[in-house]
Amino acid sequence: MSSSLAQAIQADFQQRFGYEPLLVRAPGRVNLIGEHTDYNGGFVLPAAVDKEMTFAVGLNGTEKIRLAAHDLGEYFELANAAEISPSDTHWANYLLGVAAQFQLRGHAVPGFDCVFAGTVPMGAGMSSSAAVECGLAFALNHFLKTSLEKMELARIAQFAEHTYAGVQCGIMDQFASLFGRDGQVVRLDCRSLDYEYFPFDTQAARIVLCNSGVKHSLASSEYNTRRQECERGVSVLQQHYEGIGSLRDATMEQLEAVRSELGGTVYRRCAYVVQENARVITACNCLIAGDLAGFGKEMYGSHAGLRDDYEVSCAELDVLVEAAKAAPGVFGSRMMGGGFGGCTINLVAPDKVDDFIASVSKVYEEKFGLKLETYQTTIVDGVGVMAE
Ligand code: GAF
């Protein structure tokens with residue numbers, strides 16, 4: 001077993017519960033491009049990264065669910081695993097929601113114990129919640145011997161987020177945590193769930209995240225509102241055109257034709273999604289051709305759309321992207337994830353990473369008086385048992 005965090009979690013588990021756990025790791029993710037497209041049946045281009053959640057899990061032979069958030073020093077207990085419902089303990093809901101999803105699929109969940117902690121920064125748009133959900137989904141699947149496909153585990157984790165965390169998220173984050181592959185990004189078609197891996201050449205560019213350190217409280221409610229606005233757009237389009245199942249099927253011409261019926265806000269939300277889907281395809285072609293400047297152009301386009309049309313950016317993220325544009329050796333930069341705070345993702349020439357960090361940090365500190373946290377990430381395998 002590798003990390004000292006895993007050793008600490010294992011020791012915590014043994015001390016609390018007195019037996020040997022299974023150790024599981026579940027990574028957070030980056031998304032190179034394709035934001036807010038997943039719940040619109042579109043394309044995304046994520047990768048699992050080396051910021052991970054670590055779990056110690058075991059069946060305890062009782063009816064109890066016993067959970068410990070190692071970092072927070074908090075403990076939660078439920079008397080009967082057959083009677084799961086949402087709790088007031090925020091972090092426990094991500095785990096309870098997963099167990100509830102197994103039950104909904106007819107898999108009785110016996111009493112189990114779980115201690116977890118990790119290095120995925122919370123609220124940074126790196127999907128710490130999806131990593132928590134996916135790690136437990138993987139562990140329960142192992143113990144229950146249900147042999148569910150990985151895609152079904154992703155759905156279990158996604159629906160846990162819907163029902164126990166109240167965010168109507170798409171499937172990207174959970175997919176990336178489970179399907180990540182060392183050194184590769186993966187393009188997922190969120191309608192068919194077909195996916196394809198592409199190598200990411202770290203000799204040509206590094207993935208550097210700049211954490212704004214802010215998380216505006218609007219994030220969850222505005223996320224759900226965006227989803228409703230897109231659904232409204234689809235229902236208008238469906239009254240005029242056949243074969244529209246989601247915004248994935250719509251064109252800009254169709255949107256233009258029903259613009260007055262959509263209204264300004266819904267039109268702009270839909271236009272962003274249609275254009276972002278096209279950007280993912282173009283960006284993938286650039287990646288295959290080794291055209292990082294072309295890829296970066298699509299990233300800047302993505303950010304502009306998220307800022308002006310989808311309206312999920314914020315002042316801090318906009319300043320970080322502008323600062324990146326002016327910094328040395330940057331191919332592209334944009335906000336990443338749901339928005340309203342969290343990180344920007346930046347593709348930077350390997351020999352310019354230090355200069356880039358110094359330059360953007362200076363701008364950020366001068367403008368907001370905030371110290372910028374940055375992460376140079378590497379792309380890793382998805383959820384799995386930790387090596388002994
Ligand atoms: C969040 C959601 F969880 C994802 O499903 C996705 O919609 C993303 O925001 C925006 O692209 O991370």
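Trainee: Which residue in the hairpin of β7 and β8 takes a positive phi?
Mentor: In this predicted model, that residue is L193, with a phi near 65°. The hairpin has five residues between the strands.

Trainee: How do you know that β7 and β8 pair?
Mentor: Pairing requires at least two bridges between two strands. Strand β7, residues 184–189, and β8 have five bridges, in the antiparallel sense, so they count as paired.

Trainee: What makes β2 and β7 a pair?
Mentor: The cut-off is at least two bridges. β2 and β7 have two, again antiparallel, so the pair qualifies. V44 stands opposite L188 in β7.

Trainee: Why are β2 and β8 called edge strands?
Mentor: The open sheet has three strands in the order β2-β7-β8. β2 (43–44) and β8 (195–199) each pair on one side only.

Trainee: What makes C169 and M172 part of the ligand's surroundings?
Mentor: The test is a C-beta atom, placed from the backbone, within 6 Å of the molecule. C169 and M172 are among the residues around the ligand, and so are E35, H36 and D38. By class, the shell has three nonpolar, five polar and three charged residues.

Trainee: Where does UniProt place the GHMP kinase C-terminal domain?
Mentor: The unreviewed entry places that domain at residues 287–365. Over those residues the chain is 57% helix and 18% strand, with the end C-alpha atoms 33 Å apart.

Key: Residues numbered from 1 in each chain as written. Predicted model: local features only at pLDDT ≥ 70, side-chain atom pairs only at ≥ 80, totals over all residues. Helix = DSSP H or I, 4+ residues; strand = E, 2+ residues; numbered from the N terminus. Nonpolar A, V, L, I, M, F, W, Y, C, P; charged D, E, K, R; others polar. UniProt positions renumbered as here; feature names shortened; annotations may be inferred.
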